[in-house]
Amino acid sequence: FIRKQGLDRLFLECDTHMWRLGDRKIPEGIAVDGGSDWFLLNRKFVEYVTFSTDDLVTKMKRFYSYTLLPAESFFHTVLENSLFCDSMVDNNLRITNWNRKLGCKCQYKHIVDWCGCSPNDFKPADFHRFQQTARPTFFARKFEAVVNQEVIGQLDYYLYGNYPPGTPGLRSYWENVYDEPDGVHTLSDVALTMYHAFIRLGLRRAESSFHSAGDNSCRYYPMGHPVSVHLYFLADRFQGFLIRHHATNLAVSKLETLETWVMPKKVFKIASPPSDFGRLQFSEIGTEWDAKERLFRNFGGLLGPTDEPVGMQKWGKGPNVTVTVIWVDPVNVIAATYDILIESSAEFTHYKPPLNLPLRPGVWTIKILHHWVQVAETKFLVTPLTFSNRQPIKQEEAMKYHSGPPKNAYMEQSFQGLNPVLNIPVSAARLDQAKRNAALVGARLDAWVDSLVGSVWSAVDICSTGPTACPVMQACTQTAWSSLSPDPKSELGPIKPDGRLR
């Protein structure tokens, strides 16, 4: 326990990083204990550790000031070595979902000089653990609806019974990632660029779907920054973004508040005709790869020119194989190529090629080959930025971010010789167009962004959050998808006499 917790190492937190400074000795004459950082402390013990000046408390406070995870050991050790030791009950009343094969992958090296372990989120396959617990259990962790909501529903039914048939929203989950009071300064330029493009995509959808000749009642002009942004999931699948926003109705010149649902288009394709190589199930490009939960935390993969994308592949079981992964930029420059050995039991692989920045904006293509025969390909968008520091981008900044890397060199070595082998022609005309696009600002830049965003995202629907002059616009509260639609499973009422919520 001492070694796993790093108690025999000296740590110091500085500049949002936990630095390991060296080795140290454990104080002699005490029993070191620890475990969970979830516990209950009685008042007498709290007063003791807060106000006592005896050697045990003062020396333990000093020792734990330079400890990686003090809350997982300080209280336990002081309690066990104090006059309160006989009051200890060794049960924290909770189940923790440890899966050390996935939770001990050193995924937090960027914030701490240590390879600790972290619990995994519960999923349906873990449900038996709730039914088999032999000790009193009041709590469990971890649950994350963006990772898996089904198990939360299963536990809900197990404890409280089923909801009535036809209850809305049972398989839906909404998570707010931005709200107007947060302030636009909390958004990245990439996110702000994409959210504005999503708004324009939704308004064009309204015009094409609802508009009739000679009638402007369903035509709009976008106004201001987004009001709110939600992630939307249905049956544990990411369904896209819900952007609430203001727009002026052109028929009556009045401001209305609408919500637009945009969904990513399918960009992963198995080669046609399919090869005899059958292990690859899926491939995706993104940032914020979570090796523990095996998903990208950047839902929707919103990427800009200065991001460092990661390539992920999901595999079925089969014989050991080696595949080649090729990254192709929007003007057909081969940016990177590398081989991956896929072991028979491998489920996921991921790799971040060390590409020189900025990445050229546009739609990139990732090709996956086996024996130089294409197995599949996927695409991802590097969006041009319409904002820099949350202000409309200036031409000098646009050219800096949108021109691609110096001399078109994404890496020290050039892969130009592979272009004819892979039948990926480099077009001088496309290169010239990319140079012209790099200088765009204002409305022409918006138009370029919109054409790119529209190629990989689609506006599924749009609704009104209040009064509207568009007669066929649905009210958001009457839809199944809007963040304002009914969600009875998330409503909290008064606690019942038996202590239950329902």
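The legends below walk through several close-up views of a predicted model.

In this predicted model, local features need pLDDT of at least 70 and side-chain atom pairs count only at pLDDT 80 or more, while totals for chains, interfaces and linings use all residues. Residues are numbered from 1 along each chain as its sequence is written, and side-chain values use heavy atoms, with hydrogens and water left out.

**View 1. The whole chain, for orientation.** The protein chain carries 12 helices and 22 strands. Both kinds of element are DSSP runs numbered from the N terminus: helices are H or I with at least four residues, and strands are E with at least two. The C-alpha trace spans about 80 × 60 × 50 Å along its principal axes. Of the 502 residues, 44% count as buried. Here buried means under 20% relative accessible area, exposed means over 50%, and partly exposed lies in between (1.4 Å probe, protein chains only).

**View 2. A nonpolar patch on the surface.** Leu12, Trp19, Leu21 and Tyr66 make up this patch, and together they have about 390 Å² of accessible area. Patch members have over 30% relative accessible area and no salt bridge; nonpolar side chains (Val, Leu, Ile, Met, Phe, Trp, Tyr) are joined within 5 Å, and like charges within 9 Å. Areas come from the Shrake-Rupley method with a 1.4 Å probe, and for residues only the protein chains shown count as cover. To find tyrosine 66, look in the loop between helix H3 (55-64) and helix H4 (74-81). Its relative accessible area is 37%, so tyrosine 66 is partly exposed.

View 3. A search of the whole structure turns up 33 aromatic pairs. One of them joins phenylalanine 63 and tyrosine 64: the ring centres are 5.2 Å apart and the planes stand at 85°, so this pair is edge-to-face. Rings of Phe, Tyr and Trp (its six-membered ring) pair if their centres lie within 6.5 Å; planes under 30 degrees apart are stacked, over 60 edge-to-face, and the rest tilted. Phenylalanine 63 and tyrosine 64 are both buried. Arginine 24 lies over the face of phenylalanine 63, 3.7 Å from the ring centre. Over the face of tryptophan 98 you will find arginine 100, at 4.3 Å from the ring centre. For such a contact, NZ of Lys or CZ of Arg must be within 6 Å of the ring centre and within 35 degrees of the ring normal. Elsewhere, ring pairs link Tyr173, Tyr195, Phe198, Phe233, Phe238, Phe241, Phe299 and Trp457 into a cluster.

View 4. Helix H8 (residues 189-210) has 22 residues and reaches 32 Å from its first C-alpha to its last, close to the 32 Å expected at 1.5 Å a residue. The expected span is 1.5 Å times one less than the number of residues. H8 is mostly covered, with 16 of its 22 residues buried. Arginine 200 and aspartate 446 meet through their side chains in a salt bridge (3.9 Å, N to O). This pair links distant parts of the chain, with aspartate 446 in helix H12 (residues 442-456) and arginine 200 in H8, 246 residues apart. Arginine 200 is buried at a relative accessible area of 15%, whereas aspartate 446 is partly exposed at 26%.

**View 5. Further salt bridges.** The structure holds 19 salt bridges, each a side-chain nitrogen of Lys or Arg within 4 Å of a carboxyl oxygen of Asp or Glu. Glutamate 293 pairs with lysine 292, their closest N and O atoms being 3.1 Å apart. Glutamate 293 is buried at 3% relative accessible area, and lysine 292 is buried at 4%. Aspartate 487 and lysine 489 form another bridge, with closest N and O atoms 2.6 Å apart. Aspartate 487 counts as buried at 17%, while lysine 489 counts as partly exposed at 21%. Salt bridges that share partners also join Arg200, Arg204, Asp446 and Asp450 into one network.

**View 6. Backbone points worth a look.** Most residues other than glycine have a negative phi, and most peptide bonds are trans. A cis bond joins arginine 141 and lysine 142, with omega about 5°. Leucine 357 and proline 358 are also joined by a cis peptide bond, with omega near 0°. Histidine 371 is not a glycine, yet has a positive phi of about 55°; this residue is in the loop between S17 and strand S18 (373-382) and is exposed at 67% relative accessible area. Lysine 407 has a positive phi of about 60° and counts as exposed at 83% relative accessibility.
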